[in-house]
Amino acid sequence: MLIRSTFTITVSEPSSLPRSYNLELVKLLHQKLGLEVGDERIPSTSYSGICGLYTTTQDFFTFQPDNFYQLSLCGLQSTASKAIINLNLTESLEFLGAKFNIINREDKITSYEELYTNLVANEPEPVRQFELQFTTPTAFSQQAITIPLPIPNLIFRNWLERWNKFAPVYLGGDELITYLSNAIFLKYHKIQTRSIQLHRGYVNGFIGDVTLQVFNRADSLLANIADLLIQYAQFSGTGIKTRLGMGQTKNLL
């Protein structure tokens, strides 16, 4: 089971949170979900942070009452998904001295089997261009180095690792990544570097728009697997620290 729950929230008065608020909010939400934080190498949840227009100072984000904000939680396996389905935040969410009013909730629910059947097994007409938007800082870890760039090989390897961890349908390993790397290239990007504060340190990532293109000569099956992983990324996120608000990914097509 896969779920993405998106909460629309507001504040009644200008409210400030420290730039490092994500860790405290993740702890609070996982406590309400009855889930442990940090005990999985590949996290079974992803989280967006509070997204929307806010003002930034050196140490704080300030949220305004005339704006709407969104907070998303995703579950990548049955236990996490069921906990998110049953999550009841009542009418507000209070932490670190700020109070956010919950005015709406939208749930998108699917399954690994449904995604695989619709996008691969049924052999649909392949999509050969994908337009992605990375809405929170996104980065990859490679040999102890953080890479804040949309490198297709790293993107697909990250998605595939998560899919193979939680899905009942195994897609493949390094050989599949090699095939995908030879079939798909970065056609366009409009990105910028942005840092996110986690606890006492900062992590650099990229945000913005990325277009991936499948070569016309590439096998239709590879294009459909790429489409499957891109649809999955809207639940799993992309790259490192997706449980803490990094790597939120949207498919714009």
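In which segment is Met1 found? In this predicted model, Met1 is found in the segment before strand E1, which spans residues 2-10. Together with Ile85 and Ile109, Met1 makes a nonpolar surface patch of about 240 Å². The relative accessibility of Met1 is 34%, so this residue counts as partly exposed.

The largest pocket has a volume of about 810 Å³. Its lining is made of 31 residues, and the closest of them to the pocket centre are Ser48, Ile50, Cys51, Thr135 and Thr136. Sorted by class, the lining of the largest pocket holds 16 polar residues, eight nonpolar residues and seven charged residues.

The second largest pocket has a volume of about 430 Å³. Here 20 residues form the lining, and those closest to the centre are Arg41, Asn158, Arg162, Gly239 and Ile240. Two or more lining residues are given to this second largest pocket by each of strand E10 (140-142) and helix H4 (152-166), and the largest share, five residues, comes from H4. By class, seven of the residues lining the second largest pocket are nonpolar, six are polar and seven are charged.

**Salt bridges**

The structure holds four salt bridges, and three of these are set out below with the distance between nitrogen and oxygen for each pair.

| Residue pair | N to O distance |
|---|---|
| Glu40 and Arg243 | 2.5 Å |
| Arg41 and Glu161 | 3.2 Å |
| Arg105 and Asp107 | 3.0 Å |

Glu40 forms a salt bridge with Arg243, with 2.5 Å between the closest N and O atoms. Because Glu40 lies in the loop between helix H1 (21-33) and strand E3 (45-51), while Arg243 lies in the loop between helix H6 (220-236) and strand E14 (249-251), the pair ties together parts that are 203 residues apart in sequence. The two partners fall into separate accessibility classes: Glu40, at 30% relative accessibility, counts as partly exposed, whereas Arg243, at 7%, counts as buried because that value is under 20%.

The side chains of Arg41 and Glu161 also meet in a salt bridge, at 3.2 Å from N to O. Arg41 lies in the loop between H1 and E3 and Glu161 in helix H4, so this pair ties together parts that are 120 residues apart in sequence. Arg41 has a relative accessible area of 69% and is therefore exposed, since the value is over 50%, whereas Glu161, with a relative accessible area of 35%, is partly exposed. Arg41 is also one of the residues closest to the centre of the second largest pocket, and helix H4, which holds Glu161, gives five residues to the lining of that pocket.

In the salt bridge between Arg105 and Asp107, the closest N and O atoms are 3.0 Å apart. Both partners are partly exposed: Arg105 has a relative accessible area of 26%, and Asp107 has a relative accessible area of 43%.

Val127 lies in the loop between helix H3 (112-121) and strand E9 (129-138). With a relative accessible area of 32%, Val127 is partly exposed. Between the C-alpha atoms of Val127 and Leu76, which are 51 residues apart along the chain, the separation is 24 Å.

Key: Residues numbered from 1 in each chain as written. Predicted model: local features only at pLDDT ≥ 70, side-chain atom pairs only at ≥ 80, totals over all residues. Heavy atoms only, no water. 1 Å grid on protein atoms, 1.4 Å probe; cavity = no way out; pocket = protein on both sides within 12 Å on 5 of 7 lines; lining within 4 Å. Points joined across faces, edges and corners; volume = space filled by probe spheres on them. Nonpolar A, V, L, I, M, F, W, Y, C, P; charged D, E, K, R; others polar. Helix = DSSP H or I, 4+ residues; strand = E, 2+ residues; numbered from the N terminus. Patch = residues over 30% accessible without salt bridge, like charges linked within 9 Å, V, L, I, M, F, W, Y side chains within 5 Å. Areas by Shrake-Rupley, 256 points an atom, 1.4 Å probe, with all protein chains shown as cover. Buried < 20%, exposed > 50% of the residue type's maximum accessible area, 1.4 Å probe, protein only.
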